[in-house]
Amino acid sequence: MNQGILLSGDIDFMIHGLFSIKIFGQKVWITDSHVCILIVMAVMLVFAIIANRKLKHATDKPDGFQNIIELIVEMLDGMVQSTMGQWAPKFVNYISTIFIFILMSNISGLFGLRPPTADYGTTLALALITFFMIHYNQVKHQSAKEIWKGMCSPLPPWLPIWAPINIISEIAVPISLSLRLFANVLSGTVIMALVYGLLGIIATAWPAVLHVYFDLFSGAIQTYVFCMLTMTYVSQACDGDS
């Protein structure tokens with residue numbers, strides 16, 4: 001298989017295997033998506049360690065780095081609080097983590113990496129976490145009667161005509177969440193690969209404008225949409241009919 005983590009000048013936006021390992025007799029490929037995920041996680045970990053040490057010695061007159069940390073925390077806390085209300089303290093850490101991870105993954109194309117979120121395996125895993133979180137909290141906070149009533153809505157519980165449709169809509173949640181994020185990020189990756197591949201040395205500086213849109217602007221919007229939908233679904237599962 002071809003190798004490469006960075007997007008090259010060739011028209012190539014596929015996922016490539018870097019090396020393989022055997023697990024229980026089965027060959028498992030380590031791809032460039034795995035490596036890019038590890039890079040993003042390593043950057044997040046280093047930033048978290050530095051931020052933690054900085055806040056332990058926080059001053060009344062914060063410097064630039066402390067201001068950035070406080071701004072990020074206040075922004076994420078405000079976003080979760082405004083959407084999830086009373087449930088915000090339970091989920092703010094998780095929502096903040098996936099927000100930063102997805103955003104950094106989306107904008108990693110600015111640094112020449114293939115965005116991990118352009119791999120459906122990444123977005124599907126994130127969507128499945130949301131899916132199981134929704135139904136775990138639904139079972140935890142709602143009775144069986146309330147869940148059945150919701151499945152039969154908008155008709156009465158004794159007339160479950162809409163139940164199959166509502167069940168299908170529940171199953172479609174992780175599919176729609178994952179495909180929305182994956183398709184938007186992948187489309188930007190494909191377009192940029194085509195620009196560099198077709199124009200070659202002509203594409204030297206001006207594609208930066210396209211990177212700003214596809215990697216930064218569109219990436220930030222898709223991050224916000226994914227987290228907002230996650231918060232909405234989970235808070236609805238927690239609230240039930242209340």
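What follows is a set of questions and answers on a predicted model.

Q: What makes up the chain, in terms of helices and strands?
A: The chain holds seven helices and two strands, and from the N terminus on these elements run β-β-α-α-α-α-α-α-α. Of its 242 residues, 35% count as buried, a label given to residues under 20% relative accessible area.

Q: Why is helix H1 called roughly perpendicular to helix H2?
A: Helix H1 (residues 32–56) and helix H2 (residues 64–84) pack at an angle of about 110°, with their axes 10 Å apart. Angles of 65 to 115 degrees count as roughly perpendicular, and therefore H1 is described as roughly perpendicular to H2.

Q: Which residues make the contact of H1 with H2, and how do they divide by class?
A: On the side of H1 the contact is made by Phe-47, Ile-50, Ala-51, Lys-54 and Leu-55, and on the side of H2 by Phe-65, Gln-66, Ile-69 and Ile-72. By class, these residues divide into seven nonpolar, one polar and one charged.

Q: Why is helix H5 called roughly perpendicular to helix H6?
A: The axes of helix H5 (residues 144–152) and helix H6 (residues 163–199) come within 7 Å and cross at roughly 100°. Since the range for roughly perpendicular is 65 to 115 degrees, the label holds for H5 with H6. Gly-150, Met-151 and Cys-152 of H5 meet Ala-163, Asn-166, Ile-167 and Glu-170 of H6 in this contact, whose residues divide into four nonpolar, two polar and one charged.

Q: What lines the largest pocket, and which elements give two or more residues to its lining?
A: The largest pocket, with a volume of about 570 Å³, is lined by 22 residues, among which Phe-47, Ile-72, Val-73, Leu-76 and Ile-100 lie nearest its centre. The elements that give two or more residues to this lining are H1, H2 and helix H3 (88–107). By class, the lining has 17 nonpolar, four polar and one charged residues.

Q: Why does Asp-77 count as partly exposed?
A: Asp-77, which has its place in helix H2, has a relative accessibility of 36%. Buried means under 20% and exposed means over 50%, with partly exposed in between, so Asp-77 counts as partly exposed. The C-alpha atoms of Asp-77 and Ile-95 are separated by 9.4 Å, while the two residues are 18 residues apart along the chain.

Definitions and conventions
Residues numbered from 1 in each chain as written. Predicted model: local features only at pLDDT ≥ 70, side-chain atom pairs only at ≥ 80, totals over all residues. Heavy atoms only, no water. Axes fitted to C-alpha atoms, helices over the stretch in contact; angles between N-to-C directions. Helix = DSSP H or I, 4+ residues; strand = E, 2+ residues; numbered from the N terminus. Parallel < 35°, antiparallel > 145°, perpendicular 65-115°, else oblique. Contact = heavy atoms within 4.5 Å. Nonpolar A, V, L, I, M, F, W, Y, C, P; charged D, E, K, R; others polar. 1 Å grid on protein atoms, 1.4 Å probe; cavity = no way out; pocket = protein on both sides within 12 Å on 5 of 7 lines; lining within 4 Å. Points joined across faces, edges and corners; volume = space filled by probe spheres on them. Buried < 20%, exposed > 50% of the residue type's maximum accessible area, 1.4 Å probe, protein only.
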